[in-house]
Structures are given as C-alpha cells and as structure tokens.
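Please view the sequence and the structure together.

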Amino acid sequence: MKSIVIHAAKDLRIEHQEPQKPGHGEVVIQMAAGGICGSDLHYYNHGGFGPITLKEPMVLGHEVSGHIAELGPGVDGLEVGQLVAVSPSRPCGECRFCNEGSHNQCLNMRFYGSAMPFPHIQGAFRQTLVANAAQCAIADGLSAGEAAMAEPLAVCLHATRRAGPMLGKSVLVTGCGPIGLLSIIAARRAGADQVVATDISDFTLEMARIVGADAVVNMAATPDGLTEFSANKGTFDVLYECSGVGAALAAAIPAMRPSGVIMQLGLGGDMSLPMMAITAKELELRGSFRFHEEFFTGVSLMQKGLIDVKPLITHSLPMDDAVAAFELAGDRSQVVKAQIVFS
C-alpha cells in the first residue's frame with residue numbers, strides 16, 4: 001500500500017509499506033479522504049513545531065475517513081462497506097487522567113501523526129489503516145470529505161464545551177483558518193447571539209461571513225478595527241483565540257467584557273500575555289486541547305444537518321499529488337481545507 005511519509009522539512013514522499021492485519025477488536029479501513037491540518041503543515045514546512053521535531057520518518061495525517069474493508073475478531077456494530085470517520089485519539093484508558101474522564105490528557109496518548117513521543121506515532125495518510133473499532137464513528141449519509149472533518153470539528157466542540165453556556169453571548173473569533181471557522185459554527189450551534197471574526201486575509205474573512213459571522217475585521221487593513229467594540233469596558237463574553245499569535249490576543253483584550261472567557265486554541269508557540277489587562281478585567285484564560293467524546297457528537301450533528309462543513313472543503317487532490325496538496329494547503333488566499341483523496 002502507499003503511504004504519505006515526511007522525512008524532513010520539504011521532504012515528503014509517497015512510499016510503499018506492508019499492509020497490516022486486524023487484531024482482536026480491530027478493523028481494516030480503505031481510506032477515502034484525509035484533511036491536511038496545521039500540524040501536518042508544520043511538519044512539512046519546518047520539520048516540526050517548537051520543541052517537537054522529526055527524529056525519524058513519519059506517516060502524516062489524522063483527519064481521515066474511509067470504508068470498512070475487513071472486520072477483525074470480536075468486532076460488533078460495524079459492517080464491511082460502511083463509511084466511518086476515524087478518531088485519531090487513542091487514550092490508554094488506564095492512567096489517572098483517563099480514570100478521571102480527561103481522556104484528552106492521557107499520559108500515554110497515541111495520536112496519529114505525532115512526533116511528540118519517540119518512536120513517533122505513525123499517521124493515517126495511507127491507503128489502508130488498521131484501527132480499533134472504538135475509534136470508528138459510522139458516518140452514513142455524509143460524504144467522505146465531510147466525515148474527515150469530524151476531527152477539527154471535535155476540537156471546536158470541545159472548546160465550546162469548555163467555554164461554558166453560550167446562549168445569548170457575544171463571541172469574538174481571532175484567526176479564521178479551519179479551527180476559527182468551525183468555532184464560529186460551533187458557537188452558533190450552542191446559541192451565541194453576536195459573532196465577530198478577525199483575520200488578515202480577505203478570503204478567510206469572507207468564509208467567516210459564509211459560515212455565520214455577523215461582522216468581520218481585517219486587522220491588517222484596519223488595525224484599530226476592534227475599537228468600536230472596546231467602549232464601556234468591552235463587548236465580548238467569549239474569545240476563541242485561534243491564531244496562536246500574541247498580537248491577535250493583545251488586540252482582542254480591550255474588546256472583552258469584564259469576567260469574559262478567553263478560549264485559547266491556537267498553538268503558534270509561546271505568547272506574551274497582557275496580564276495587567278487580563279487581571280483588571282477579571283478575565284478567565286482557559287486552554288483547550290484536542291477532544292474525546294466530542295468526535296462522535298460532531299459526526300452526529302453533521303448527519304442530522306445541524307452542522308454543515310461542506311463550504312470549508314475548498315480543495316481535494318489525489319494521493320499521488322500529495323506534495324502539490326501540501327503546497328496548496330498553506331495558501332490562505334484561496335484555501336480553507338485541502339484534502340487528500342485516497343481512492
């Protein structure tokens with residue numbers, strides 16, 4: 001079978017690997033679609049991010065879907081031919097965080113396409129994948145591309161849960177990549193009343209309007225564009241900070257209401273925080289990292305037509321054009337989500 005393997009920055013190869021056989025409780029999945037994530041781009045462009053660097057070749061990819069091709073012994077509830085979204089999150093289920101229900105903080109997490117541990121956790125950008133049946137969310141009624149969006153959607157549903165009650169709230173989203181756009185969708189579904197989005201790309205800001213933002217601000221063209229929201233100690237109850245850029249967070253703080261909640265999703269690296277302003281406004285800074293049960297919730301919401309991710313899938317390229325797909329995925333002037341098509 002073919003796999004998409006990163007060796008070093010800008011050294012992406014399609015390699016042949018031996019297919020695996022399913023063990024007890026496992027299934028073989030014929031992969032159909034896989035979305036290129038920001039972390040995949042960091043590996044491709046820089047060989048890693050922050051202290052996380054490639055130390056050996058690694059199959060990329062964790063936003064994937066495919067069709068069940070074979071059932072291993074002991075598998076119930078799945079059938080050959082079914083489309084499934086595959087959760088890349090595989091907590092151990094035994095450590096103290098798993099026992100507390102905080103599976104996303106698992107001490108022994110195995111997350112597809114991650115160079116955090118060594119040996120690295122190999123990813124899911126391959127023609128066939130052996131996965132635990134428990135990772136598979138039946139995605140009947142969705143396209144393969146929609147099903148592959150379950151992972152980034154789950155990230156935003158988890159953040160929305162951590163943000164607390166959303167009904168009637170005013171929300172600011174900084175950074176309108178896939179996570180920012182899905183945060184807009186998630187906040188709306190949770191009952192947010194006013195949603196404003198900022199970015200430095202007119203293309204992504206137009207996408208923010210399409211998925212439900214009431215207003216958008218290009219901070220490159222109008223650096224003071226949030227001033228109108230800063231009067232009388234601010235407007236917004238919740239901030240989804242999805243850029244990972246310190247300047248974006250600093251510009252947003254004056255527009256936050258006292259006792260507001262900052263949800264930090266962006267992982268651009270260490271950021272300098274305006275602590276005096278955060279303290280004076282009694283703002284709550286909350287991190288949000290990955291997800292667990294929200295993965296299955298996201299698939300269900302898409303199946304019911306309550307969340308529509310189709311506008312975000314802007315490009316689909318065949319597996320053999322993986323390098324072109326990765327080059328394209330980083331172009332924020334025309335791409336939201338680029339996906340690999342495996343079949």
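The model is predicted, so local features need pLDDT of at least 70 and side-chain atom pairs count only at pLDDT 80 or more, while totals for chains, interfaces and linings use all residues. Residues are numbered from 1 along each chain as its sequence is written, and side-chain values use heavy atoms, without hydrogens and water.

**Helix 6**
- Thr-204, Leu-205, Met-207, Ala-208 and Val-211 are buried in helix 6 (residues 202-211) (buried: under 20% relative accessible area; exposed: over 50%; 1.4 Å probe, protein chains only).
- These residues lie on the same side of helix 6 because they cover an arc of only 155° around the axis.
- Asp-202 and Ile-210 are exposed on the face turned away from the buried side of helix 6.
- The cover over the buried residues of helix 6 includes helix 5 (178-189), strand 14 (194-199) and strand 15 (215-218).
- Gly-212, which follows helix 6, has a positive phi near 130°.

**Helix 4 and helix 5**
- The axes of helix 4 (residues 150-163) and helix 5 come within 9 Å and cross at roughly 55°.

**Helix 1 and helix 10**
- The axes of helix 1 (residues 38-46) and helix 10 (residues 322-329) come within 10 Å and cross at roughly 110°.
- Helix 1 is thus roughly perpendicular to helix 10.
- Asp-40, Leu-41 and Tyr-44 of helix 1 meet Val-323, Phe-326, Glu-327 and Ala-329 of helix 10 (contact: heavy atoms within 4.5 Å).

Conventions. Helices (H or I, at least four residues) and strands (E, at least two) are DSSP runs, numbered from the N terminus. The arc is that of the directions from the helix axis to the C-beta atoms. Axes are lines fitted to C-alpha atoms, for helices over the stretch in contact, and angles run from 0 to 180 degrees between N-to-C directions. Angles under 35 degrees count as roughly parallel, over 145 as roughly antiparallel, 65 to 115 as roughly perpendicular and the rest as oblique.
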